Amino acid sequence: MINRRMFLKSSGLALVAGGLLPNVFVKMANAATTKGRKVLIAIFQRGAVDGLNVIVPYGEGQYYAARPTIAIPRPGSAEGAALDLDGFFGAHPSLASIFPYFKDRSAAFVHAVGSPDATRSHFDAQDFMESGTPGVKATEDGFLSRALAATKSEKGSPLRAVALSPALPRILSGTAGAVSMTNIAQFGIRGGPASGQIAQSFESMYGETVAGALGGTAKKSTDPQKLQPENGAAYPNGPLGNALRQIAQLIKSDVGLEVAFADVGGWDTHAGEGGPQGQLANNLRQFSDAIAAFARDLGSRMSDVVLVTMSEFGRTVHENGNRGTDHGHANVMLVLGGGVRGGKVYGRWPGLASSQLYENRDLAITSDFRDVFGELLTKQLGVGSLKAVFPTYDNSPSKWRGILA
Amino acid sequence: MRRLLLPVVAFLFLAGATSTDTNLTERQRALHVLNRLAFGPRPGDVDRVLNDGVDRWIDQQLHPEAIPDRAVDARLREYGTLRMSNAEIVQTFYAPIVEMRREAKNKADNASVSPQLRKEAQRVMQELVGQRIVRAADSDRQLNEVMVDFWMNHFNVFAGKGIDRFLLTSYERDTIRPLVWGRFEDLLMATAKSPAMLFYLDNARSVAAPENRPRMQPRRWPAMMRPQQQSQNRGGLNENYAREIMELHTLGVDGGYTQKDVTELARVLTGWTIDQRTGAFIFRPQLHDACAKTVLGVHFPAGGGIEEGERMIHILARHPATGHHIAYQLCQRLVSDDPPKALVDRVTKTFLYTDGDLRQTVKAVIDSPEFWDPQTYRAKVKSPFEYVISALRAVNAGIDDPMPVARAMQQIGEPLYGAQPPTGYSDKADAWVNTGALLNRLNFALALAANKLPGLHSDVASLVPSDRSVDALAVALTGGNLTDETRKTIKARGQDDAPTIAGLILGSPEFQRQ
């Protein structure tokens with residue numbers, strides 16, 4: 001595990017580490033930059049991650065009563081104990097690599113957050129979360145696409161919005177012209193040695209409309225493929241590590257990226273979920289290590305980047321007969337990056353007593369995921385009005401949690 | 001970003017509107033039907049249609065049952081799962097996975113399903129995807145395949161939702177394909193009772209609230225049924241299907257129904273579920289809402305059963321709003337992204353007068369002046385499926401393994417059976433045209449023309465044995481002419497080999513359109 005000092009040192013920025021600014025990335029702001037371009041990275045944990053074992057309410061006796069075999073021990077109480085966040089919540093030990101960012105106040109969590117729709121169908125809940133209109137199925141486009149459409153782009157970069165996935169995800173589908181790819185090395189014309197000429201021919205046929213997009217925009221200033229991870233960042237092998245490594249390359253090569261999206265599955269832990277070790281622990285370690293590597297790789301560029309995670313719903317408070325958890329309601333989100341007022345678990349905690357649960361079984365929702373995104377889209381992407389982004393929701397700034405400065 | 005996208009779309013459209021206001025030539029007519037009512041011409045197809053006569057070709061295509069399709073039939077014989085029932089597929093491919101999961105659970109370790117079993121199970125989707133590609137590319141019943149694509153999308157079922165990947169084989173074979181030339185009501189009823197749809201839109205788990213269930217003497221259920229019985233006792237109403245059958249399958253989103261109608265229709269459809277033993281549709285009266293209901297002004301007194309849902313489907317299928325909704329979508333698919341109102345109204349009338357006769361309705365679209373309008377000619381952008389299949393046909397590709405083709409479709413943005421939302425894929429170009437997807441189209445074109453796609457074999461040079469000019473290749477590959485701009489661009493490159501020229505032609509704006 002890296003500590004704060006090591007982190008700063010490895011970024012080559014120990015000199016500016018003593019300032020009063022709350023955020024480690026801001027402290028590093030005068031090193032490598034994204035040239036002021038703000039970037040939002042959204043990660044979808046598909047399959048409904050068990051937020052109660054990610055950010056553990058160890059101060060609640062009910063938590064331990066409800067989970068006799070899979071609970072994460074109180075901080076300091078045993079091996080594999082939760083990492084204390086604020087005296088009430090603790091992080092799963094697999095989040096060790098993200099923990100220093102929380103301590104540095106660069107990362108925050110929002111708990112008891114989610115989509116208000118009652119569905120416990122993965123399929124519907126993901127759909128609702130990505131369309132940004134829970135309960136309304138006819139919405140054709142995704143809310144990130146609408147957010148991009150609501151902001152002005154000075155020189156419409158063809159790589160303004162990128163999904164590291166084989167097909168364009170629902171959240172980015174729409175008129176924003178988002179691009180999906182699994183391998184940025186392949187984002188260009190592949191015609192052998194004559195690729196450059198062929199790309200020129202296609203650009204000539206298609207005119208100005210695709211100028212620059214075919215000949216390898218991704219190679220504009222630097223070949224992103226050749227940008228090795230910096231600051232000693234080591235991405236774990238796996239889908240999320242690969243996706244974030246490539247997103248970092250896009251950011252560094254200054255191709256005009258504003259929104260990036262990646263998804264990662266494997267959270268549907270109905271059986272054998274495990275506690276400090278096991279199925280969820282392994283997935284979380286990959287997840288945390290990939291995000292930590294990303295932050296480390298970008299170094300001071302992170303001051304212009306915000307990364308946020310989401311998952312379609314949470315899981316039952318009580319473990320089931322198979323030492324797993326079933327589909328629940330509210331969940332937890334991670335927000336990490338520049339401008340984040342971190343070191344805090346946001347959201348009103350609804351409690352785990354029977355009377356406090358949603359439909360007598362699940363963590364209740366006290367923050368709508370659109371409150372979190374409303375704030376991020378406004379402050380990070382400069383979306384002026386959220387009306388078109390979340391048409392069915394009154395997204396008043398008064399509901400924002402103040403996660404971003 | 002609108003700024004970037006819209007010019008791409010606009011360019012594709014503008015470049016298509018090169019025809020004058022005069023009528024289409026006979027050759028253009030032949031190319032038009034091959035693009036719209038088929039998945040594009042194969043080399044020589046335009047001449048063949050011209051020889052037979054365009055109208056005669058259309059008439060044949062409207063009666064696919066009379067077109068022998070032996071080559072495709074023979075080819076598909078190797079796909080064993082295509083002949084298996086739901087129960088056989090579930091038993092063969094899914095049951096072992098369930099069993100292994102159960103064992104892993106009992107051992108409380110993290111052993112997941114073995115890669116071997118997973119691979120075996122993937123055969124079901126691979127063969128289903130494979131047959132779709134082979135049929136679209138090689139079947140002589142081209143319009144039939146166009147309509148299968150249309151109706152599979154209209155009644156979309158997502159393979160990624162749970163067990164549906166094992167139910168789609170029967171869904172396409174038994175529910176959709178036999179009925180695409182029949183009456184809409186029959187198609188609607190068949191989908192309503194299909195296990196794939198019952199599972200996809202959750203009606204299988206929608207049961208009456210316990211207090212609304214019929215009072216029956218307690219009886220002993222066969223042992224196999226008990227677990228399901230128990231789990232459903234805890235359940236309640238699920239409005240998912242009731243909403244989508246009105247919004248997407250029949251009336252349309254502005255079809256005049258209310259939230260109350262959705263809830264009431266959901267109650268009408270309680271008890272319509274899947275028999276866990278046979279994998280078939282079953283109506284379970286003990287889970288049906290026995291109280292009175294009113295849907296769209298139709299009153300059902302207490303104590304009804306399956307006939308309530310059947311009556312509502314009958315009513316929905318013949319509703320004027322349904323006629324309009326289906327007509328609009330067919331015109332959007334076959335004529336233009338924003339079909340003219342007069343055309344839609346005319347086709348709506350045909351639909352309603354003929355009691356939803358789908359052959360007559362499609363014929364009404366084809367017979368319309370709008371279909372033959374020069375403004376319509378090559379004005380619609382091909383969907384990812386249409387683009388990939390039309391390129392295969394253009395180079396006369398032999399398909400040894402359809403999986404790389406399936407992957408190409410996924411990269412271009414629309415994996416087969418992979419539309420998650422119940423809306424299916426959009427039939428409008430703005431959903432497809434983005435630079436990333438376009439880039440994937442271009443790379444597919446280059447690889448295909450160079451015979452570098454695994455699983456396919458083609459030889460574009462053999463299509464033009466004597467004259468390897470740009471113009472000769474353009475005629476061979478597209479059946480028609482390139483714009484001056486594209487021709488100039490390719491010619492200006494100087495000496496290119498046939499595969500490079502072919503790749504540029506298949507990637508050209510002209511070939512993106514139909």
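Helices (H or I, at least four residues) and strands (E, at least two) are DSSP runs, numbered from the N terminus. This is a predicted model, in which local features need pLDDT of at least 70, side-chain atom pairs count only at pLDDT 80 or more, and totals for chains, interfaces and linings use all residues. Residues are numbered from 1 along each chain as its sequence is written, chains are lettered from A and ligands numbered from 1 in the order in which they are written, and side-chain values use heavy atoms, with hydrogens and water left out.

**View 1. Chain B has 26 helices and six strands.** Of its 514 residues, 59% count as buried, where buried means under 20% relative accessible area, exposed over 50%, and partly exposed in between (1.4 Å probe, protein chains only). Take the contacts (heavy atoms within 4.5 Å) between residues of chain B at least 6 apart in sequence: 73% of them join residues at least 24 apart. Chain B exposes about 20,600 Å², and 52% of this area comes from carbon and sulfur atoms. Accessible areas are computed by the Shrake-Rupley method with a 1.4 Å probe; for residues, only the protein chains shown count as cover.

**View 2. Three strands of chain A form an open sheet in the order β2-β4-β3, with antiparallel pairing.** Because β2 (55–56) and β3 (83–84) of chain A stand at the edges with a single partner strand each, one side of each has no neighbour in the sheet. Two strands pair if DSSP finds at least two bridges between them. Two bridges join β2(A) to β4 (residues 90–91) of chain A. A:Ile55 is opposite A:Ala91 in β4(A).

**View 3. Strand β10 (residues 331–337) of chain A has seven of its seven residues buried.** In a regular strand the side chains alternate between the two faces of the sheet. On one side of β10(A) are A:Asn331, A:Met333, A:Val335 and A:Gly337, and on the other A:Val332, A:Leu334 and A:Leu336, all buried. Five bridges link β10(A) antiparallel to β5 (residues 107–114) of chain A, and three link β10(A) antiparallel to β9 (residues 305–311) of chain A. A:Val335 is the bridge partner of A:Ala108 and also stands opposite A:Val308.

**View 4. The largest cavity holds about 250 Å³ of space.** Of its 19 lining residues, the closest to the centre are B:Arg132, B:Asp149, B:Asn153, B:Leu416 and B:Tyr425. On a 1 Å grid over the protein atoms alone, a cavity is a set of points where a 1.4 Å probe fits but cannot get out, and a pocket is an open set with protein on both sides within 12 Å along at least five of seven lines; lining residues have an atom within 4 Å of a point. Helix α8 (residues 142–154) of chain B gives the most to this lining, with three residues. The structure holds ten cavities of 30 Å³ or more.

**View 5. The second largest pocket has a volume of about 480 Å³.** Closest to its centre, of 24 lining residues, are A:Arg190, B:Asn443, B:Leu446, B:Ala447 and B:Lys452. From chain B, α21 (403–412), α22 (435–449) and α25 (498–507) each supply at least two lining residues. Grid points are joined across faces, edges and corners, and a volume is the space filled by probe spheres set on the points.

**View 6. B:Lys380 is in the loop between α19 (369–372) and α20 (384–394) of chain B.** B:Lys380 counts as buried because its relative accessibility is 1%. Its C-alpha atom is separated by 27 Å from that of B:Ile399, 19 residues apart along the chain.
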